[in-house]
Amino acid sequence: MQDVEIYPASWYYNACVQGFLEVLAWGLGNEGEEIITEQILRSDGRAVIPGDLMTAAFSPRCIPYEGPPLKEVPEKLPILKRIGWWWIEKSFKEGFISNSNKNRKDNNPTDEEKINMVFGRLFHFKKGYYPNLANLAHLKSVKSKVEFLNLWFDVERIDTLKKATCSFCGQKIELNKIDNIYSTFFLLPMSIHLGNSYEEFPNLFWDGTPNLIMCKQCRSYFLCFHLVSKNGFFINTDSLLVNWYLNHLLAGKIDSDYHQSILNALQYNRQLRNAISSWGLQNTEILLFGPKDVRYYPISARLVRLLLIPQVATLIGRIHKDTKLPSAVNIVWEIILQERFDYLPIVIFKSLRAQLTGKNKEKDPEVIFSSQKNDWPVNNLIQLYFTIKQQIANNKGGAIMGNINLREIRQEARRAPLDLNTNTGKNLAYRLMELTRLNKKTEVYHLLLRLYLSSGTKQQFPVPLARLFETNDSESFKAGIYAFIAGLSCSDTQEDS
Ligand SMILES: [Zn+2]
C-alpha cells in the first residue's frame with residue numbers, strides 16, 4: 001500500500017485521526033508513542049503513515065511485517081485484522097466498560113469476552129458512542145463481530161457502484177455495492193454529536209446537510225472518536241503534531257514516564273517548537289463534549305501561550321484527573337477558556353468550604369471536591385490560579401509575587417499547630433477562610449499569630465507565611481492563605497510537587 005498522508009482538517013476530523021493514531025500507537029507496543037511522534041507526525045502539521053505499516057495493520061496475523069514487533073492478534077482469532085484487535089484492546093483498556101461488567105470476571109475476561117463487552121458498550125442502541133452502528137441483535141456471535149470489524153476497517157477497493165468524493169478528505173472513492181448506508185454516509189450512528197438522523201432533529205453542526213459521504217480511510221478514523229472524546233475535551237490546532245502533545249498533556253496522564261517525556265518535549269523538542277512557531281497557533285480552539293452537545297471555544301494567543309507552559313498544562317491535567325466529574329472539569333475549563341481567571345478564587349473558596357465540611361451538599365458544579373480526606377484536589381486549583389496570575393504579572397513586567405512560594409506555605413501548613421480533625425481546628429480554618437475572602441488582612445494576621453504563639457509548641461511564625469503579609473496584591477494574598485488552609489489537609493506522606 002502507498003503511504004497514507006493525512007492533512008489536518010476540521011476539529012472533528014483531527015480528533016478522530018488522533019484517536020486512530022492512539023490505536024496505532026497501542027499496536028506498535030512499547031515504542032508506539034515514540035514512533036508516532038518521531039516518525040509519523042510531522043512538523044508541517046501532517047501525519048504520514050508508512051504504507052507497509054498500514055498494510056500490516058489492516059491484515060490478520062498471518063501477514064508478516066518487517067518493522068518493529070507489533071502486538072499480535074490472539075491465535076484463536078486468525079482472521080481478525082490487527083487494527084480491529086488493537087481497537088478492541090485499546091477501547092477496553094481505556095475503560096469503556098462499566099464496572100459491573102468488569103467485576104463479573106475478576107477483571108480478567110477472555111479475548112472473546114473483551115470483544116463482546118466493547119461491542120456492547122460502544123454500539124449500545126441508546127447509551128453507545130456509536131448507537132446501533134453495529135446491530136447487536138444481529139451480531140450475536142464473536143465471529144460475526146470479527147466480520148463486522150474486518151469490513152469496517154477495510155482499505156481495499158472492490159465492486160464499484162459509482163464514483164464519488166469523500167466529504168472529509170476529498171479523496172476520490174468508489175462506492176461499494178455491498179456497503180450499507182451506515183458505513184458509507186456520515187449519520188447519527190457514526191457520531192452522536194454531529195451525525196444526522198432520519199428520526200431525530202438533525203444536528204446543525206454540519207449545516208443540516210444529509211449526504212456526507214465518507215471514504216473507508218476516514219471511517220476507520222471516525223470509529224476512534226471515543227478514544228478522544230472520553231477526555232471531555234479536545235484541543236485543536238492546525239497541526240496534528242501539536243494536537244497530539246497538547247491533548248496528552250492536558251488529559252492528565254501524570255503517572256507515567258511518558259508524561260515527563262511530553263513535558264521535556266514541550267521544552268526541548270525542536271520539531272514541536274518549529275511546529276508551534278510556524279503555525280503560529282492562529283486557529284487554536286477547544287471543544288468541550290457534553291452528553292449530546294459540543295461547546296466550542298476559540299482560544300486567544302495569550303491563552304495558548306499559557307497552555308504551553310508545562311506547569312499550567314500539568315495542573316489542568318491533574319485537576320482533570322482528580323475530579324473525574326465532567327461537570328467539575330468543565331467548570332474549570334470554561335473559566336479558563338473564557339479567561340475569567342479572577343473567578344477562580346470563588347471556586348477555590350467554595351471548594352475549600354466543601355472539603356472542610358466533607359461534602360458538597362448542594363452538588364454545586366462550581367466545587368472541586370474529593371471525598372478522600374487527605375487528598376484535596378483544590379490544592380492543584382490554587383496552584384494553577386497562582387501560576388496563571390504570576391505568569392500574567394511577569395508578562396506585564398511586574399514581579400509582585402516573586403517571593404511568595406505556595407509550596408513552602410503548604411509545607412508549613414503540615415507542621416502547623418492546627419488539627420482539622422477537631423472541631424476547634426475546623427472552626428478556626430473557617431474563620432481564616434472567611435476573613436481571607438473579605439480581604440481582612442490584619443485580622444487574618446492576628447488569628448494566625450495567636451495560633452502559633454498560644455500553641456504551646458513554641459513554633460515560630462513561619463517566614464513563608466509572613467511574606468504573604470508584605471504583598472500589596474490581594475489576590476496573591478488570598479491564594480497564599482487558601483494554600484495554607486488546603487495544605488492543612490495533606491498527610492506527611494503525600495507527595496508535594
Ligand atoms: Zn476520506
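Within strand E6, Ile286 is the bridge partner of Ile235. The structure is a predicted model, in which local features need pLDDT of at least 70 and side-chain atom pairs count only at pLDDT 80 or more, while totals for chains, interfaces and linings use all residues. Residues are numbered from 1 along each chain as its sequence is written.

The chain contains 22 helices and 7 strands, where helices (H or I, at least four residues) and strands (E, at least two) are DSSP runs numbered from the N terminus. Of its 497 residues, 40% count as buried, a label given when 20 or more other C-beta atoms lie within 10 Å of a residue's own, with exposed meaning 12 or fewer and partly exposed in between, and with C-beta atoms placed from the backbone. When contacts between residues at least 6 apart in sequence are considered, 66% of them join residues at least 24 apart; a contact here requires C-beta atoms, placed from the backbone, to lie within 7 Å.

### The sheet

Three strands make up an open sheet in the order E5-E6-E7, with antiparallel pairing, and two strands pair if DSSP finds at least two bridges between them. E5 and E7 are the edge strands, since each of them pairs on one side only, and the twist from one strand to the next averages 15°. Helix H1 packs on this sheet, where it touches E5 and E6, and its direction makes about 105° with that of E5.

Strand E5 (residues 233–236) is joined to E6 by 4 bridges, and the two run antiparallel. Strand E6 (residues 285–289) pairs in turn with strand E7 (residues 294–298) over 5 bridges, again in the antiparallel sense. E6 and E7 form a hairpin that has 4 residues between its strands. The table sets out residues that face each other across this hairpin.

| Residue | Facing residue in E7 |
|---|---|
| Glu285 | Pro298 |
| Leu287 | Tyr296 |
| Phe289 | Val294 |

Glu31 lies in the loop between helix H1 (11–27) and helix H2 (32–40). This residue is partly exposed, because 14 other C-beta atoms are found within 10 Å. Although Glu31 and Pro68 are 37 residues apart along the chain, their C-alpha atoms are separated by 8.3 Å.

In H2, the residues Gly32, Ile35, Ile36, Thr37 and Ile40 are buried, and the buried residues of this helix pack against H1, strand E2 (47–49) and H10. Helix H10 (residues 240–250) is itself largely enclosed by the rest of the structure, because 11 of its 11 residues are buried. Among the buried residues of H10 are Trp244, Tyr245 and His248, as well as Asn243 and Asn247.

### Helices H16 and H17

The axes of helix H16 (residues 344–357) and helix H17 (residues 378–395) come within 10 Å and cross at roughly 160°, which makes H16 roughly antiparallel to H17. Axes are lines fitted to C-alpha atoms, for helices over the stretch in contact, and angles run from 0 to 180 degrees between N-to-C directions; under 35 degrees is roughly parallel, over 145 roughly antiparallel, 65 to 115 roughly perpendicular and the rest oblique. On the H16 side, Leu344, Pro345, Val347, Ile348, Ser351, Leu352 and Gln355 meet Val378, Leu381, Ile382 and Tyr385 of H17.

Conventions
Two residues are in contact if their C-beta atoms, placed from the backbone, lie within 7 Å.
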